[in-house]
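Please work through each task before reading its solution.

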Amino acid sequence: MTQADFVILVMPFKDKVFRLAKRLLVSREEAEDATQEILLKLWNNKQKISDYKNVEAFSMTMTKNFCLDRLKSKQAQNLKIVHSNYQDKSHSSLQKQVEARDSVDWVSSIIETLPEQQQIIVQLRDIEQYEFAEISKMLDMNETAIRVALSRARKTIREQLTKTHSYGIK
């Protein structure tokens, strides 16, 4: 595989790798390092890439495993799971922008309280827009189990957000 072939194959999903790493690791720098590490591993094993049916799914699985290993390492004791890649690109009023940012921050903080598996499933399905079959392969889980976990995660997010917004209202 030539460098050009590799770039054509990998470039379409490198941003997804970064976003998953960003979801799992606290800082942009850590996510960039993780993305670079995954791309380097793919490059070093470029001769074996043709053996995989879905290189994107394989790289997402690699990213998930790398980030979870990183979180378990002693160096990463200060890392936590966050999500902040939402940007309001409309030219709405400052008030609406602040409210939108607040809502995203609330949802992000609620997602942080979910179990790790539910966080990953929400990231892959609702943010990265993967199909259930693809998530099933990446996480090595049954599709039904993924649907159940996603449903529970969404229910928790909805309940917590409703509780937050209706605070003090009788």
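Two residues are in contact when heavy atoms of theirs lie within 4.5 Å. The model examined here is predicted.

**Exercise 1.** Determine how helix H5 and helix H8 are oriented towards each other, and which residues meet.

*Solution.* 
Step 1. The axes of H5 (residues 94-113) and H8 (residues 143-165) come within 10 Å, and they cross at roughly 130°.
Step 2. The crossing of H5 past H8 is right-handed.
Step 3. From H5, the residues Trp106, Val107, Ile110 and Ile111 meet Thr156, Ile157, Gln160, Leu161 and Thr164 of H8.
Step 4. By type, this contact comprises six nonpolar residues, three polar and no charged.

**Exercise 2.** Identify the buried residues of helix H2 and the helices they pack against.

*Solution.* 
Step 1. Within H2 (residues 14-24), the buried residues are Val17, Phe18, Leu20, Ala21, Lys22, Arg23 and Leu24.
Step 2. Their packing partners are H3 (28-44), H4 (55-72), H5 and H6 (116-127).

**Exercise 3.** Describe the largest nonpolar core and the surroundings of Met60.

*Solution.* 
Step 1. The largest nonpolar core has 39 residues, and Leu42, Met60, Ile121, Leu124 and Leu139 have the most contacts inside it.
Step 2. H1 (3-10), H2, H3, H4, H5, H6, H7 (132-139) and H8 each supply at least two residues of this core.
Step 3. H4 gives the most, with seven residues.
Step 4. Setting aside neighbours within four places in sequence, Met60 contacts Lys16, Val17, Leu20, Leu124, Tyr130 and Met138.

Note on methods: Residues numbered from 1 in each chain as written. Predicted model: local features only at pLDDT ≥ 70, side-chain atom pairs only at ≥ 80, totals over all residues. Heavy atoms only, no water. Axes fitted to C-alpha atoms, helices over the stretch in contact; angles between N-to-C directions. Helix = DSSP H or I, 4+ residues; strand = E, 2+ residues; numbered from the N terminus. Left-handed = near helix turned anticlockwise from the far one by under 90°. Nonpolar A, V, L, I, M, F, W, Y, C, P; charged D, E, K, R; others polar. Buried < 20%, exposed > 50% of the residue type's maximum accessible area, 1.4 Å probe, protein only. Core = buried A, V, L, I, M, F, W, Y, C linked by side-chain atoms within 4.5 Å.
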